[in-house]
Amino acid sequence: MTNTITADEIRELFSQAMSGMYQQEVPQYGTLLELVADVNLAILENNPALHEQLLNADELARLNVERHGAIRVGSPAELATLRRIFSVMGMHPVGYYDLSQAGVPVHSTAFRPVEDEALCRNPFRVFTSLLRLELISDAALRKKAAAILAKRDIFTPQLYRLLDRYDENQGFTPDEAQRFVTEALETFRWHRHATVDADTYQALHDEHRLIADVVCFKGCHINHLTPRTLDIDRVQALMPEYGIAPKAIIEGPPRRELPILLRQTSFKALEEPILFAGEHQGTHTARFGEIEQRGMALTPKGRALYDRLLSEAGTGKDNLTHQHHLHQVFSAFPDNEMLLRRQGLAYFRYRLTPVGEVHRHAISPGDDPQMLIERGWITAQPIIYEDFLPVSAAGIFQSNLGDEAQGQRHGNASREAFEQALGCPVLDEFTLYQQAEDRSKRRCGFL
Ligand code: OOG
Ligand code: NI
């Protein structure tokens, strides 16, 4: 077909449309975007080298656009249709996250681009959670929730038709893609009208706030979007000045010379007016704004060290104390590129230098990259972490469930059931990073 549009382009259109809609729906999110842009600008002004680096990597123009969003759905069928929708945008399910560990009755995956070029073009991802009704302890309530979910369809008829058309033609025309984005957006829109009466809402809410959020509305409203910040500590500190109430702590690893994995924080979810069936007024708390700062992807060995240190550090009450303590505990995690590489803690992408190109014939499989780096034949660049962290995700969930919400720790992962609902296995994130590293090694000639 000649008149087609790429998955990357559709993802770009979709993330822009989603951002516009969410800024309209949640004005405080617009304020967060302004704060992030202000801080990013100040950092770049004071750091010409970073400015240059981002400019060369073609990242400057996209600096302030969203990196991810999150939704929660109620049934296997909803998840399976979302998989089709995201697939059109080149977003595939990567990773399995068991949040029941932290008392949140969902399990999740991240729909995201997987190819290097696609990630480079627009890395937008959607953290997608499926409610686990089986974790509702009260049998009558569980049945009721299932019945409510069975009655709704969160997708428009036009969207189903477009998905079928896409499958038939193996692609969209630009016009179809536009309509697809418009229709898909409907699923993620906020609905002020709950589909249930106040008593039903309350019963589900009392079981777990998240259950009410998933079950009681017509769609799976986007619950946050997350732009990238160049200095998360600064944005966290400045939030109150912009009239935004931050969650207590920044999730993830501490600030380092060489950032690892992912640091995240958010503002607290807003209490918003809703109308129950029968027009009774009430409020619902689910939507917020988040920021993220990404570092290098860790190998299983590096990740095991991260997990050990993180659990050793525990969670502090206020951010400054917590960050200070984290910093001390993480002194056991090398913060030097050569050590990270030699100890096999992080993934790297290797490239031939111009001198290396000349000597390409003298490089053989099995050569020590360190030696090639010292000769100036290759360079090593950390591979950026593109996924999520279960402990951090639980922290983000919790901060939006109010202080009184303490979940029971069920802690029984059910990956098989999740994949069954999804209709395919989730991709393994470590394999993807390893493949990216191996591709780069082969191009250089030492693998
Ligand atoms: C998802 C929370 C997890 C993240 O960035 O770790 C998340 C949710 O609240 O639905 O978005
Ligand atoms: Ni998030």
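This is a predicted model: local features need pLDDT of at least 70, side-chain atom pairs count only at pLDDT 80 or more; totals for chains, interfaces and linings use all residues.
Two strands count as paired if DSSP finds at least two bridges between them.

I looked up how the two strands run. Six bridges join β7 to β8, and the sense is antiparallel. I checked one bridge by name: Ile274 has Gly282 in β8 as its partner. β7 spans 270-275 and β8 spans 281-287. Together they form a hairpin, with five residues between the strands.

I then went through the turn. Gly278 there has a positive phi of about 95°. Glu279 is in the loop between β7 and β8. Its phi is also positive, near 70°, and Glu279 is not a glycine. I noted this because most residues other than glycine have a negative phi. Is Glu279 buried or exposed? At 53% relative accessibility, Glu279 counts as exposed. The strand β8 is mostly covered, with five of its seven residues buried.

**Entry: another positive phi**

I also looked up Gln170. Its phi is positive, about 55°, and the residue is not a glycine. Gln170 sits in the loop between α7 (157-169) and α8 (174-188). I read a relative accessibility of 66% for Gln170, so I logged it as exposed.

**Entry: the nickel ion**

Which residues coordinate the nickel ion (ligand 2)? I found His68 through NE2, His224 through NE2 and Glu290 through OE, at 2.0 to 2.1 Å. Along the chain these donors follow the spacing H-x155-H-x65-E. His224 and Glu290 link distant parts of the chain, 66 residues apart. His224 belongs to strand β5 (residues 224-227), and Glu290 to strand β9 (residues 290-294).

The cut-off for buried is under 20% relative accessible area. His224 has 6%, so it is buried. Glu290 has 1%, so it is buried as well.

**Entry: strand β1 and its partners**

Next I took strand β1 (residues 66-73). It is mostly covered: eight of its eight residues are buried. I looked for its partners and noted two. β1 pairs with β5 in the antiparallel sense, over four bridges. Val73 stands opposite Leu130 in β4.

**Entry: ligand 1**

What residues are around ligand 1? I listed His68, Ala70, Arg72, Phe127, Asn223, His224, Gln264, Glu290, Phe388, Ala393, Ile396 and Phe397.

I then went through polar distances to oxygen atoms of ligand 1. An N or O atom in the side chain of His68 is 3.0 Å from one. A polar side-chain atom of Asn223 lies 3.0 Å from one. For the side chain of His224 the distance from an N or O atom is 2.9 Å. How much of ligand 1 does the protein cover? It covers 100% of the 320 Å² of accessible area that ligand 1 has on its own.

An α-helix has 3.6 residues a turn, so residues three or four places apart point the same way.

Arg228 lies in the loop between β5 and α11 (232-238). Its relative accessibility is 18%, so I counted it as buried. What joins the side chains of Arg228 and Glu59? I found a polar contact of 2.8 Å.

Thr6 is in the segment before α1 (7-25). With a relative accessible area of 42%, Thr6 is partly exposed. I also took its distance to Ala286, a residue 280 places away along the chain. Their C-alpha atoms are separated by 33 Å.

Terms used
Residues are numbered from 1 along each chain as its sequence is written. Chains are lettered from A and ligands numbered from 1 in the order in which they are written. Side-chain values use heavy atoms; hydrogens and water are left out. Donors are N, O and S atoms within 2.8 Å of the metal (3.2 Å for Na, K and Ca); water is not among the atoms, so sites may look incomplete. Buried means under 20% relative accessible area, exposed over 50%, partly exposed in between (1.4 Å probe, protein chains only). A residue is near a molecule or strand if one of its heavy atoms lies within 4 Å of it. A polar contact is a pair of N or O atoms within 3.5 Å; within protein, one must be able to donate a hydrogen and the other to accept it, and residues adjacent in sequence count only if both atoms are side-chain atoms. Accessible areas come from the Shrake-Rupley method with a 1.4 Å probe; for residues, only the protein chains shown count as cover.
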